[in-house]
Amino acid sequence: MTRMKAPGRRRPARHDSVAMKRRKELDERDDRARGKLLARYADIEPDGLVTCHFSTHVEARLADGSTEMCLLSPKVHKLLGVAVGDLVWTEAIGDERIVVARAPRRTEVRRKRGDEDRTGHVIAANVDQMAITVAMHEPPLRTGAIDRYLVLASILGIDPLLIITKIDQTTEDDPEWEELDPYLEMEIPILLTSAESGAGIDELEDALRGRVTVFSGHSGVGKSSLCQAMGLDGALIAGEMSRSHGRIRGRHTTSVARLLELPKGGWVVDTPGVRAIGLVDLERADARVHFPDFEPFAENCTFADCLHLEEEGCAVLAAAEEGELSDARYLSYARLLDSLEE
Ligand SMILES: Nc1nc2c(ncn2[C@@H]2O[C@H](COP(=O)(O)OP(=O)(O)OP(=O)(O)O)[C@@H](O)[C@H]2O)c(=O)[nH]1
Ligand SMILES: [Mg+2]
Ligand SMILES: [Zn+2]
């Protein structure tokens, strides 16, 4: 029943224009140059971690614990590019330290600069974890936002962590707790915290240790306050930067992202960018992949390529109607599909 892609829908190669051919040749040449450059460092550990990126320079934390401004070699600048979170190899040449190569990335957080930008640019590399941050009452809990961030984390290939903030404002009887049940069932780690009372801060520090984490969540949920409670300067955290139009005053940074080290270990990527990353590029047919809790039901849909909307014999919709699957999760999915172009 799976709909097959019609064969030969792509234009055959012989129709490629001269310009496209040349483009391909240049890309292949760059690929070979990249491979050669990286092969040279294959057996050596990178000695630097990029914490901030300026157009021709990066600020890097070096293996000896010092932080230095380093110049990007022309090859690194042109062939590899760098972003905060990148591991790099550096060499002291004269009184300048040069970034001579950049390690392959585990993950990339990309952002588009307008509709014309097809591939986008990388605003952070090697991020392990997305801390999806929500409050219960101020602002009111909206699980739809959690669901969108979960899809985003899934697309980026990074682990989600759900942080409930301001638990000093909650009581055990709040009806909102039930809305978190789907996430418990999906076994997403959930932390209950309060920057006010200090509750859950130790657990949060444990969850962030040894990893690179990006915070996401609506304005006012308490992200900066949490970072402050963990010993970071709250003024540096994303929200404030987005309010000053993404500029760090007095510095000409290429990207607004910054990697901040937590006193108890681990790193936080400080970027307003995550909020700006839309899900517009997601194909409608691919959205369901990012709702793993639908899978056990989806197996019983009549059609293998069921979008779980109005198809006959959709077991996911039936499960939502019968209360076996969370209504809220189903609505988040339907809303996401609505927002994606057909
Ligand atoms: N009661 C209570 N209030 C808190 C707590 N954490 C933060 N707040 C308050 O919530 C408001 C927003 O906190 P921020 O930390 O600035 O929120 P944010 O998520 O960084 O917001 P943006 O920077 O706009 O994205 C502030 O007035 C804080 O004082 C908490 O644990 N308990
Ligand atoms: Mg903030
Ligand atoms: Zn279905």
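The chain has 11 helices and 13 strands; helices here are DSSP runs of H or I with at least four residues, strands are runs of E with at least two, and both are numbered from the N terminus. This is a predicted model, in which local features need pLDDT of at least 70 and side-chain atom pairs count only at pLDDT 80 or more, while totals for chains, interfaces and linings use all residues. Residues are numbered from 1 along each chain as its sequence is written, and chains are lettered from A and ligands numbered from 1 in the order in which they are written.

Some overall figures. Of the 342 residues, 35% count as buried. Buried means that 20 or more other C-beta atoms lie within 10 Å of the residue's own, exposed means 12 or fewer, and partly exposed is in between, with C-beta atoms placed from the backbone. Among contacts in the chain with a separation of 6 or more, 63% are between residues 24 or more positions apart; a contact needs C-beta atoms, placed from the backbone, within 7 Å.

Strands count as paired if DSSP finds at least two bridges between them. S1, residues 48-53, pairs with S4, residues 87-93, in the antiparallel sense over 2 bridges. Gly48 stands opposite Val88 in S4.

Next, the core. The largest nonpolar core has 74 residues, and those with the most contacts inside it are Val82, Ala124, Ile132, Val269 and Val316. Such a core is a set of buried Ala, Val, Leu, Ile, Met, Phe, Trp, Tyr and Cys residues joined through C-beta atoms within 7 Å. Helix H3, residues 143-156, gives the most to this core, with 6 residues. Val316, leaving aside neighbours within four places in sequence, has contacts that include Phe294, Phe297 and Leu325.

Staying with H3: what span should its 14 residues have? At 1.5 Å a residue, 20 Å, and the end C-alpha atoms are 20 Å apart, which agrees. The expected span is 1.5 Å times one less than the number of residues. Buried residues of H3 include Ile146, Asp147, Tyr149 and Leu150. Among the elements covering the buried residues of H3 are strand S8 (129-135), strand S9 (159-165) and helix H11 (327-339). After H3 comes Gly157, with a positive phi near 75°.

H3 and H11 have axes that come within 10 Å and cross at roughly 60°. The contact is made by Thr143, Gly144, Asp147 and Val151 of H3 with Ala328, Arg329, Ser332, Arg335 and Leu336 of H11. Axes are lines fitted to C-alpha atoms, for helices over the stretch in contact, and angles run from 0 to 180 degrees between N-to-C directions.

Last, the backbone. Most residues other than glycine have a negative phi, and most peptide bonds are trans. The bond from Glu138 to Pro139 is cis, with omega near -5°, and Pro139 sits in the loop between S8 and H3. Asn126 has a positive phi near 60° and lies in the loop between S7 (121-125) and S8. Is Asn126 buried or exposed? Asn126 counts as buried because it has 24 C-beta neighbours inside 10 Å. Glu187 also has a positive phi near 60°, in the loop between H4 (181-185) and S10 (190-192). Glu187 counts as exposed, with 9 C-beta neighbours inside 10 Å.

Methods. Contact = placed C-beta atoms within 7 Å.
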